[in-house]
Amino acid sequence: MLDVTLKAYLQDKITIINDALDKYLEYKKPHPEVIYESMRYSVFAGGKRLRPVFMLATCEAFGGDSQVAIPAACAVEMIHTYSLIHDDLPAMDNDDYRRGKLTNHKKFNEATAILAGDALLTKAFGTICLTDVNKVHPNVIHQMLCEISTAAGAEGMVGGQVADMEAEGKQIELQDLEYIHAHKTGALLSVAIRCGAILANASLEQQKYIGIFADQLGLAFQIQDDILDIVGNQEVIGKKVGSDIDNNKATYPRLIGLEQSKAKVQELTEQALQALELANCKDSTYLRAIANYLISRES
């Protein structure tokens, strides 16, 4: 259950992000309208906006102006959405529903879905470049571009996805599964948090500890997803429960059991909150509240 104050905070940030995404993804004539329809269909399909909200919240936690983080925050959400569009394709996870709606390739077709994902990924890096250079030094924008591209590519999310596919139907070690989770899902969540700190001019020491917070929380988030794939409510989650089992995917419950997986989420969250304390933010209230909410979420 969301605390009323946290709920209002999240809704405010989600509204800001949605308004910005609507502007960045506005249809531009005379280009093919269907590609914009496809891009917007998935971007506005009901996502939690967790990554962009974390970026704004982290920027504020270190005393920064979250307005300057909006382009980068929207860019991370575009990258996240592109990954979901491609993950749902028949060649990958072969899902028919995402967030209770038809997946992109089911709503349109496979070719359009692939191109919509490509377009969102490309648009993301152009959107980062819209960061106000009057308020953010170009070197900071350059650093964000490097960090986000690494988190999204072969050394991050894409590499984790490949490792995940290679592990299907195989018995793997826990360290291999941790690599998959930390890269496939954790990398993009982590970079959103780190970039929020970078935009607020956090010191290197602060960036170090907020990075630990981000990494631990990112892994906990994915393990919670593994758990929800077993015990979650399909109507709440918005996709088929048990799809990981059907696809022979390596998950924490499969390797160490459900109860130990729940304990691992709690352990990682506690470690993340300890690192957050050491990051010495000006006000970490909302970062702490969001982290605690993530381990009790139902979707």
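Helices here are DSSP runs of H or I with at least four residues, numbered from the N terminus. By that rule α3 ends before Gly63, a residue that follows the helix and has a positive phi, near 85 degrees. The model is predicted.

**Helix α3**

Helix α3 covers residues 50-61. It is mostly covered: eleven of its twelve residues are buried. The buried set is Leu50, Arg51, Pro52, Val53, Phe54, Met55, Leu56, Ala57, Thr58, Cys59 and Ala61. These residues pack against five partners: α1 (4-24), α4 (70-87), α10 (186-199), α11 and α16.

**Helix α15**

Helix α15 runs over residues 258-278. Its buried residues are Ser261, Val265, Leu268, Thr269, Ala272, Leu273, Ala275 and Leu276. They lie on the same side of α15, because they cover an arc of only 160 degrees around the axis. An α-helix has 3.6 residues a turn, so residues three or four places apart point the same way. The buried residues pack against α11 (204-231), α14 (252-256) and α16 (285-294). The face turned away from the buried side carries exposed residues: Glu259, Gln260, Gln274, Glu277 and Leu278. After α15 comes Asn280, whose phi is positive, near 55 degrees.

The lengths of both helices can be set against expectation at 1.5 Å a residue.

| Helix | Residues | End-to-end C-alpha distance | Expected span |
|---|---|---|---|
| α15 | 258-278 | 31 Å | 30 Å |

For α15 they are close.

**Thr185**

Thr185 sits in the loop between α9 (174-184) and α10. Is Thr185 buried or exposed? Thr185 is buried, because its relative accessible area is 11% and the cut-off for buried is under 20%. Leaving out residues up to four places away in sequence, Thr185 touches Arg51, Ile180, Phe221 and Gln222. Of these, Arg51 is one of the buried residues of α3. The C-alpha atom of Thr185 is also separated by 7.7 Å from that of Leu219, 34 residues apart along the chain.

**A surface patch**

Val158, Val162 and Met165 make a nonpolar surface patch of about 190 Å². Met165 belongs to helix α8 (residues 157-167). Its relative accessibility is 31%, so Met165 counts as partly exposed. That class lies between under 20% for buried and over 50% for exposed.

Key
Residues are numbered from 1 along each chain as its sequence is written. This is a predicted model: local features need pLDDT of at least 70, side-chain atom pairs count only at pLDDT 80 or more; totals for chains, interfaces and linings use all residues. Side-chain values use heavy atoms; hydrogens and water are left out. Helices (H or I, at least four residues) and strands (E, at least two) are DSSP runs, numbered from the N terminus. The expected span of a helix is 1.5 Å times one less than its number of residues. Buried means under 20% relative accessible area, exposed over 50%, partly exposed in between (1.4 Å probe, protein chains only). The arc is that of the directions from the helix axis to the C-beta atoms. Contact means heavy atoms within 4.5 Å. Patches are made of residues with over 30% relative accessible area and no salt bridge: like charges are joined within 9 Å, nonpolar side chains (Val, Leu, Ile, Met, Phe, Trp, Tyr) within 5 Å. Accessible areas come from the Shrake-Rupley method with a 1.4 Å probe; for residues, only the protein chains shown count as cover. A salt bridge is a side-chain nitrogen of Lys or Arg within 4 Å of a carboxyl oxygen of Asp or Glu.
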